[in-house]
Amino acid sequence: MNKGSVKKRGLDNFTTIHVIEKKLKHHILEWIATALSITGAVMNAKILFDGFDNSFYIWTVANFLWIGFALKYKHYGLVLMNVVYAVINILAILKINGVY
């Protein structure tokens with residue numbers, strides 16, 4: 001094999017652009033998950049809703065929406081992150097309700 005026929009590997013040869021083509025329902029899912037994530041974060045910080053412990057329920061729903069979205073588009077880092085967040089939120093729900 002001569003030197004000219006060897007393909008370069010690494011970032012020098014990285015030219016593929018990843019384009020996500022989404023249907024309307026996937027755009028809606030993404031934005032509902034975004035809105036719920038932001039709402040849950042604000043509520044967890046108790047900036048607007050002092051003493052309102054339902055934020056963990058809202059955030060858990062958002063986590064599952066993000067998991068569905070991320071699985072659809074093979075964003076496995078986002079899947080893992082939201083699985084961990086969902087577990088944390090479920091543990092918080094159990095603790096708030098005196099189960100854990």
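## How α2 and α3 pack

Helices α2 and α3 pack at an angle of about 160 degrees, and their axes lie 8 Å apart. (Axes here are lines fitted to C-alpha atoms, for helices over the stretch in contact, with angles running from 0 to 180 degrees between N-to-C directions.) That angle makes α2 roughly antiparallel to α3; the classes are roughly parallel for angles under 35 degrees, roughly antiparallel for those over 145, roughly perpendicular for 65 to 115, and oblique for the rest. The α2 and α3 crossing is left-handed, a label used when the near helix is turned anticlockwise from the far one by less than a right angle, with right-handed used if the turn is clockwise.

Who makes the contact? On the α2 side there are Phe 56, Tyr 57, Trp 59, Thr 60, Asn 63, Phe 64, Trp 66, Ile 67, Ala 70 and Leu 71. On the α3 side there are Tyr 76, Leu 78, Val 79, Asn 82, Val 83, Tyr 85, Ala 86, Asn 89, Ile 90, Ala 92, Ile 93 and Ile 96. Contact means heavy atoms within 4.5 Å. Sorted by class, the contact of α2 with α3 has 18 nonpolar, four polar and no charged residues. For the record, Ala, Val, Leu, Ile, Met, Phe, Trp, Tyr, Cys and Pro count as nonpolar, Asp, Glu, Lys and Arg as charged, and the others, Gly among them, as polar.

## The model and its numbering

This is a predicted model, where local features need pLDDT of at least 70 and side-chain atom pairs count only at pLDDT 80 or more, while totals for chains, interfaces and linings use all residues. Residues are numbered from 1 along each chain as its sequence is written, and side-chain values use heavy atoms, with hydrogens and water left out.

## The overall build

The protein has three helices and zero strands, so from the N terminus on its elements simply run α-α-α; helices (H or I, at least four residues) and strands (E, at least two) are DSSP runs, numbered from the N terminus. Of the 100 residues, 22% count as buried, where buried means under 20% relative accessible area, exposed means over 50%, and partly exposed is in between (1.4 Å probe, protein chains only).

The protein exposes about 7700 Å², with carbon and sulfur atoms supplying 67% of it. These areas come from the Shrake-Rupley method with a 1.4 Å probe, and for residues only the protein chains shown count as cover. Take the contacts between residues at least 6 apart in sequence: 52% of them join residues at least 24 apart.

## α1 against α2

Now for the other pair. Helix α1 (residues 24–45) packs on helix α2 (residues 55–72) at an angle of about 150 degrees, with the axes 8 Å apart. The two are therefore roughly antiparallel to each other, and α1 passes α2 in a left-handed crossing. The residues of this α1 and α2 contact divide into 14 nonpolar, seven polar and two charged.

## Residues inside the helices

Ser 55 lies in helix α2 and is buried, at a relative accessible area of 2%. Leaving aside neighbours within four places in sequence, Ser 55 is in contact with Gly 40, Met 43 and Asn 44. Trp 59, also placed in helix α2, is partly exposed at 24%. With the neighbours within four places again set aside, Trp 59 touches Leu 36, Ser 37, Gly 40, Ala 41, Asn 44 and Asn 89. The C-alpha atoms of Trp 59 and Tyr 85 are separated by 8.6 Å, though these residues sit 26 apart along the chain.

Over in helix α3 (residues 76–96) is Asn 89. Is Asn 89 buried or exposed? Asn 89 is buried, with a relative accessible area of 4%. Beyond its neighbours within four places in sequence, Asn 89 is in contact with Phe 56, Trp 59, Thr 60 and Asn 63.

## The loop between α2 and α3

Tyr 73 lies in the loop between α2 and α3 and is buried, with a relative accessible area of 12%.

Phi of Lys 74 is near 60 degrees, a positive value in a residue other than glycine. Most residues other than glycine have a negative phi.
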